[in-house]
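Please find below my note on the model you sent for review. The points are numbered so that each can be answered separately.

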Amino acid sequence: LEKLFLALDRGNMEASAAIGKAIAPNDSNRLLKYLGKLPFRSLSAAFVQVLQRKDVPESAKLELVSHLEEVGTGEVKGFLGDVIAAGGGTLSPNLSRALLRAMQEIAN
């Protein structure tokens, strides 16, 4: 994981999805520190992995959605919509509601 974060720090954006798969279930805060430092599109692969993982606690996913809502860009809004569409019926009701609420709160 440390090598993946080092690769991300050095501009290797392919490391993002691997980080999302490998990061500890309660350690998404480390990923959140990159918001605003790297282009969102570079981090979105990691965020989608975290949101889809079954071993990540719902509370961590809800916190992640809250932080993404604070970013509040159209790009994030589109990403949240993509997560909902890709999740189909596999997302928990609480996570689905949080994603929808975040999308509504982000201005167009």
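1. In this predicted model, the cover over the buried residues of H1 includes H2, H3 and H4. The buried residues in question are Phe5, Ala7 and Leu8. They span an arc of only 155° around the axis, which places them on the same side of H1. On the face turned away from that buried side, H1 carries the exposed residues Glu2 and Lys3. Just after the helix, Gly11 adopts a positive phi of about 95°.

2. An α-helix has 3.6 residues a turn, so residues three or four places apart point the same way.

3. Ser42 deserves a separate remark. This residue is found in helix H4 and has a relative accessibility of 10%, so Ser42 counts as buried, the cut-off being under 20%. Once neighbours within four places in sequence are left aside, Ser42 is in contact with Met13 and Ser16.

4. Which residues have the most contacts inside the largest nonpolar core? They are Leu31, Phe47, Leu68, Phe79 and Leu80, in a core of 31 residues. Helices H1 (2–9), H2 (15–22), H3 (28–32), H4 (40–52), H5 (58–71), H6 (74–87) and H7 (93–105) each supply at least two residues of this core. H4 gives the most, with six residues. For Leu68, neighbours within four places in sequence being left aside, the contacts are Leu35, Phe40, Phe47, Val76, Phe79 and Leu80.

5. The following points concern helix pairs. Two packed helices are described by the angle between their axes and the distance between the axes. For H4 and H5, the packing angle is about 155° and the axes are 10 Å apart. H4 is therefore roughly antiparallel to H5, the cut-off for that description being over 145 degrees. The crossing in which H4 passes H5 is left-handed. From H4, the contact involves Phe40, Phe47, Val50, Leu51 and Gln52, while H5 contributes Lys61, Leu64, Val65 and Leu68.

6. How are H5 and H7 oriented, parallel or antiparallel? Their axes come within 9 Å and cross at roughly 5°. H5 is therefore roughly parallel to H7. On the H5 side, the residues that meet H7 are Glu58, Lys61, Leu62, Val65 and Glu69. Their counterparts in H7 are Asn94, Leu95, Ala98, Leu99, Arg101, Ala102 and Glu105. Lys61 and Val65 also belong to the contact of H5 with H4.

7. H6 and H7 pack at an angle of about 155°, and their axes lie 9 Å apart. This makes H6 roughly antiparallel to H7. H6 passes H7 in a left-handed crossing. The residues of H6 in this contact are Lys77, Leu80, Gly81, Val83 and Ile84; those of H7 are Leu99, Leu100, Ala102 and Met103. Leu80 is also listed among the core residues with the most contacts, and Leu99 and Ala102 of H7 likewise meet H5.

8. Where is Pro57 placed? Pro57 lies in the loop between H4 and H5. Its relative accessibility is 27%, so Pro57 counts as partly exposed. Pro57 and Pro25 are 32 residues apart along the chain, yet their C-alpha atoms are separated by 6.8 Å. With neighbours within four places in sequence left aside, Pro57 is in contact with Pro25 and Asn26.

9. A last point concerns Ser59, which is located in helix H5. Is Ser59 buried or exposed? With a relative accessibility of 53%, Ser59 counts as exposed, given the cut-off of over 50%. From Ser59 to Gln49 the C-alpha to C-alpha distance is 15 Å, and the two residues are 10 apart in sequence.

Methods. Residues are numbered from 1 along each chain as its sequence is written. This is a predicted model: local features need pLDDT of at least 70, side-chain atom pairs count only at pLDDT 80 or more; totals for chains, interfaces and linings use all residues. Side-chain values use heavy atoms; hydrogens and water are left out. A nonpolar core is a set of buried Ala, Val, Leu, Ile, Met, Phe, Trp, Tyr and Cys residues joined through side-chain atoms within 4.5 Å. Buried means under 20% relative accessible area, exposed over 50%, partly exposed in between (1.4 Å probe, protein chains only). Helices (H or I, at least four residues) and strands (E, at least two) are DSSP runs, numbered from the N terminus. Contact means heavy atoms within 4.5 Å. The arc is that of the directions from the helix axis to the C-beta atoms. Axes are lines fitted to C-alpha atoms, for helices over the stretch in contact, and angles run from 0 to 180 degrees between N-to-C directions. Angles under 35 degrees count as roughly parallel, over 145 as roughly antiparallel, 65 to 115 as roughly perpendicular and the rest as oblique. A crossing is left-handed if the near helix is turned anticlockwise from the far one by less than a right angle, and right-handed if clockwise.
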